[in-house]
Amino acid sequence: MPEPLQVLLPLLVSVAGTGLVAGAGALRPQLAAPIAVGTATLAFITTLLSETTSAVTYNWAPTWGLQLSLATDGLARLYMLLASGIGLLVLAYSSGYLPLHLQHTGSGPERGPRFFALILLFMTAMMGLVMSQDIILLILFWDLTAITSYFLIGYDHQRRDSRRAALTALLITVASAVFLIAAGAMVMHQLGTASIPEILEFAEPGTTTTVIGVMIAIAALAKSAQAPLHFWLPRAMAAPTPVSAYLHSAAMVAAGVFLLARVYPLLELGTGLMDGLLVIGFLSMAVGGVMALAQHELKRILAYSTIGQYGYVVVLLGLGNVAAAEVYVLIHALIKSALFLTAGSVTEATGETRLERLGGLWNRMPWIAAGSGLAAAGLAALPLTGGFFKDEVFFAGAAERGGVIPLLAVAGAALTFAYSWRFWGGIFVGRVVTEPRRIPLVMIAPIVFLGALVLFLGIFPGVAAEIAEEAGSASVRAPLVMHLAYHFNLEAPNVMAMATWAAGLLLVATSSRWAFIPRRIARASRHVGPDRFGAWVIGALNGLSRRLHAYEVQTLQQRVGTIFVAAAILVGVTILFAPPWPSYRVGRFPVDEWPLALFLALAALAGMVATFTSGRLSLVLALSAVGYSISAVFVFIGAPDVALVAVLIETMMTLLLLGVISLLPRDVDQSQLTESIQQRRRGRVIGVLAAGFAFAIAWGVLSRPAPDPTMSRQLITLAPSAHASDIVTAILADFRGLDTMGEITVIAIALLGTLTLFAARRRV
Amino acid sequence: MSSTLLTTSVSRLILAPTMLTAVAFVVKGYASAGDGFSAGVVAGTAVVVQFMAVGPRELANRFPLLRYAPWLTFGGLLLGLLTAFVPVALGDPVLTHYPRPEEHVPHLGLLAMHTAILFDIAVFLIVFGFIVSLLGLIGGIGVEGETQ
């Protein structure tokens, strides 16, 4: 197989599959699920087979130094395996889940293909993101994941909470992505390249690098739902459960820590950045752990758990243990998607989402209990599960750093232990509250498979170690060694693990004594938490825009006034920040150009008449006199093309205005035309303001030295070789032809819009 | 709208000269002032004058084809896109015009056989179609695409 194809195959497969699902699904909805599963399987297999580290590069916009550069290095491979592998299981699960879900929400089966196509599109975006070797390409895929996740979270768009949740997630992840874009622009400006390997090679320590690192970290941490920008994730639980199992365990939130790993050498150069990551990571562990203990809804427990678990990963990155962080990402993704799928199956079987309405299901749903039991044991880091190693590498890193960090690590892990039990025990242990219905096999098998995988990695951790080792090496751009095995000794990691189990067991045993504490914290956070602040900001902005709009649409005067004031403010700000004052000069009046002055005076006179006249007809005529005088001015300054267009447009305007006037009733109620004194005064102030700034700007432009004539001279010499003797036409149709193309497209779109509006009016 | 014999006949008389002017603008646009845009506005003005003189119903009777005006705009857009992107298929940059510089341009009288003229005609069609369509929509002549 040729190498470019080998690199691009997984991406191409998922692109093609997305189109195929959308196309075939529109014809036959029941085809969507099998095609989607097949696509994910192919993508997974091709990812497994791609053993190359070289990048495939195509020129994209060479003048800007942009390239379509993609590579399957070790880091990309880990996240691609997760995206396609867990994507495959989630899609298979969805083929059973989605029909039931659509039935519950009262939607028809024709909405199914949309779901599968969106999941595949997300998979494509995720794969493209991790393969990107160009910062601009990476940003594009980054935003594509955010937009796709918006549609997936808001899949049940008939539900208000689901629409709001989707919007919150979009706002947080896209607003923070602006930091990433700014960082990309700064990097390109500073280093003159958009290629990520080159950026990482040439970056030097300094303030700029620190600022860039901080901005990238903000975008990444928001995506990974780290405190204090974590609140979008619990809300995003309004999504259908398979979406959460995919996006909120292995894909969307993993993209954040992926980005941190991708630019890790750059982060290392920034001062204080690594310590910042430690703080954010531990904060998120605390928020996630405590809040998970306070939740009653299954999915919200898992959402807060995800926040806490990615906190671990951020801590590991902050400690500099990149390979360990990748072990964590891999194992946690398997565990968390299994648990999310469990929540989905249990809710479908019982119709309940809350912990207190569930219990004792272990012998009613034995397979799911076993599969999710293994996953929960992994989350609690019990030996013989892969989860043991995720905590082992974490403890080893913490112990190496020393100080207060091992203590914090054990505390965080003990909280994890406690809520893992709370989740699994709450569903499967105790007395049966709700009897479950039968659910399809495809909603059981993926959970069992993931559980088995967690067990397998607990016994043969070498597989995970190898993948993480490659990922870590690709991230730090130097070979790393990662070895996972059980050590029967009393070294720090083992001691810390035992301390965690003891503390966790103690927490579980005494849960009735302290259960009120996290609940109180959760209640308090509802009043002062960052989500309150976010909601307040969005609410305030919405309110401002609503008030402005309400004012604007009241009367025609207010509408025109709003436009004038807004323009005046913009112009005013420009003048304030780039004051052209010193360059304002009074030019000499060229005596031999008196005809020009005559027409300008005429225009001014007509303007005066238009301002003070009261008749409609005289107003129209005065306005057109202004226009014609200005057209004449163009003739005198030697611009016949402009003059021609100005005359034509003026004629058209006059005709149209006359036509409109002839349609108006002859005697309008005069009382409606009189303005109040206050309105008149306001109108005058606005008029003077707008006119003043327009005057200032015109004066400023005219005071500037004449533009360099080289450009126009060059165009003039070029015109004959474009077979044109009229330069203006040559510019419009040839030299700046693309601009013209854009303009005529806008005209056509405007017509399309008007046609649509009129057609809509007809229908009503 | 009241129409007198004078306005009706004058509007009828100036229609052909106006249209001729518009065509002239396109044809000699590459040689002197004027281009597809001006031509579109001139032709549009001709229709607007008719409208003012005889009113919507009579206009629709006189020129039944006017209701297809939106097709002119979208056809013009298609023509413009073709002139812009067919060169890409031939391996040249977007909006390359043929014959290329230094090559001979055949002339038919004043009309240069040059693809830039096609682009100018596209602009003309879009502008003219736009004006007439809007006139139809707002002034009340039935326009294709508006019904249903």
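**Core, hairpin and chain contact in a predicted model**

Phe122(A) counts as buried because 26 C-beta neighbours lie inside 10 Å. A residue is termed buried if 20 or more other C-beta atoms lie within 10 Å of its own, exposed if 12 or fewer, and partly exposed in between, with C-beta atoms placed from the backbone. The model is predicted: local features need pLDDT of at least 70, side-chain atom pairs count only at pLDDT 80 or more, and totals for chains, interfaces and linings use all residues. Residues are numbered from 1 along each chain as its sequence is written, while chains are lettered from A and ligands numbered from 1 in the order in which they are written.

Phe122(A) sits in helix α4 (residues 112-131) of chain A. Helices (H or I, at least four residues) and strands (E, at least two) are DSSP runs, numbered from the N terminus. Contacts of Phe122(A), leaving out residues up to four places away in sequence, include Thr145(A), Leu152(A) and Ala251(A). Contact here requires C-beta atoms, placed from the backbone, within 7 Å. Ala251(A) is 129 residues from Phe122(A) along the chain, yet their C-alpha atoms are separated by 8.7 Å.

The largest nonpolar core has 201 residues. Such a core is a set of buried Ala, Val, Leu, Ile, Met, Phe, Trp, Tyr and Cys residues joined through C-beta atoms within 7 Å. Met126(A), Val327(A) and Tyr328(A) are among the residues with the most contacts inside the largest core. Helix α15 (residues 322-350) of chain A gives this core its largest share, 19 residues. Apart from it lies another core of 51 residues, including Leu732(A) and Leu77(B).

Strands β1 (residues 55-61) and β2 (residues 66-71) of chain A run antiparallel and are joined by 6 bridges. Pairing requires at least two DSSP bridges between the strands. Tyr58(A) stands opposite Leu68(A) in β2(A). The hairpin has 4 residues between the strands, and Gly65(A) takes a positive phi near 70°.

Chain B has 4 helices and 2 strands, in the order α-α-α-β-β-α. Of its 148 residues, 41% are buried.

The contact between the chains takes 35 residues from chain A and 45 residues from chain B. On the chain B side, α2 (36-62), α3 (69-89) and α4 (115-139) each supply at least two residues. Helix α4(B) gives the most, with 11 residues. The chain B side divides into 28 nonpolar, 13 polar and 4 charged residues. Ala, Val, Leu, Ile, Met, Phe, Trp, Tyr, Cys and Pro count as nonpolar, Asp, Glu, Lys and Arg as charged, and the others, Gly among them, as polar.

Conventions. Contact = placed C-beta atoms within 7 Å.
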